[in-house]
Amino acid sequence: MTSETNSANPNPTATQSPVFQLQRVYLKDASLEMPHAPQIFLEQGSPQIEVQLDVNHDSVVEGVVEVVVRVTVTARMGEKVLFLVEAKQAGIFELRGIPEQQLAPVLGIVCPGIIYPYLRANVADLLTRTGLPPIHLAEINFEALYQQKASQNASGASGLIIPPSSQTRQ
């Protein structure tokens, strides 16, 4: 019966259903700078927090893509930088048989939505290890972010800045 199936359909990949599978999630890069420590610990007041977020992807091999969510969090006390955290959380996804018009939204919305919770946890953990309270990055609507990035690419701008008011410090 197997030979009948193969002879009836010489190209089995032509009728296969789409494949979307997460292969691995990993912390690709992380750095922390506290240029004014320990004196900055004597400062009073709440820091001003700025968050920049970006999503990129790159082909690993045929049908396998690495998606990277990058965040930069800068906290300032007046003119001094309290800390600067940069982190890249990545995921490797198998994407086969996905229609071309759906591929960009999958890479820009679905994949980052899977990776981002890991990034949030890693940033909070890294800051906790400094002795400072963690920064809990806000939930992100990756569909809106995808639309914003598409608009920026059309206008030539790059990098996305998340308003400080959307971040919580606990």
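## Salt bridges, a helix face and a buried glutamate

In this predicted model, aspartate 54 counts as buried, because its relative accessibility of 12% falls under the 20% limit. The side chain of aspartate 54 meets that of lysine 149 in a salt bridge, with 3.2 Å from N to O. Since lysine 149 lies in helix H3 and aspartate 54 in strand S2, the pair ties together parts that are 95 residues apart in sequence.

At the start of H3, a side-chain oxygen of asparagine 141 reaches to within 3.0 Å of the backbone nitrogen of glutamate 143.

The loop between strand S5 and H3 is also joined to another part of the chain. Here glutamate 139 forms a salt bridge with arginine 120, the closest N and O atoms being 2.6 Å apart. Arginine 120 belongs to helix H2 (residues 100-128), so this pair ties together parts that are 19 residues apart in sequence. Glutamate 139 counts as exposed at 63% relative accessibility, whereas arginine 120, with a relative accessible area of 24%, is partly exposed.

The count of salt bridges comes to six, and one of them joins lysine 80 to glutamate 43, with 3.9 Å between the closest N and O atoms. Because lysine 80 lies in strand S4 and glutamate 43 in the loop between strand S1 (19-33) and strand S2 (48-61), this pair ties together parts that are 37 residues apart in sequence. Lysine 80 is partly exposed at 35% relative accessibility, and glutamate 43 is likewise partly exposed, with a relative accessible area of 35%.

Strand S4, which covers residues 80-96, also holds glutamate 94. With a relative accessible area of 17%, glutamate 94 is buried, and its side chain makes a polar contact of 2.8 Å with the side chain of arginine 96. Leaving aside residues up to four places away in sequence, glutamate 94 touches Val19, Phe20, Gln21, Gln23, Gly63 and Val64.

Methods: Residues are numbered from 1 along each chain as its sequence is written. This is a predicted model: local features need pLDDT of at least 70, side-chain atom pairs count only at pLDDT 80 or more; totals for chains, interfaces and linings use all residues. Side-chain values use heavy atoms; hydrogens and water are left out. Helices (H or I, at least four residues) and strands (E, at least two) are DSSP runs, numbered from the N terminus. Buried means under 20% relative accessible area, exposed over 50%, partly exposed in between (1.4 Å probe, protein chains only). A polar contact is a pair of N or O atoms within 3.5 Å; within protein, one must be able to donate a hydrogen and the other to accept it, and residues adjacent in sequence count only if both atoms are side-chain atoms. Contact means heavy atoms within 4.5 Å. A salt bridge is a side-chain nitrogen of Lys or Arg within 4 Å of a carboxyl oxygen of Asp or Glu.
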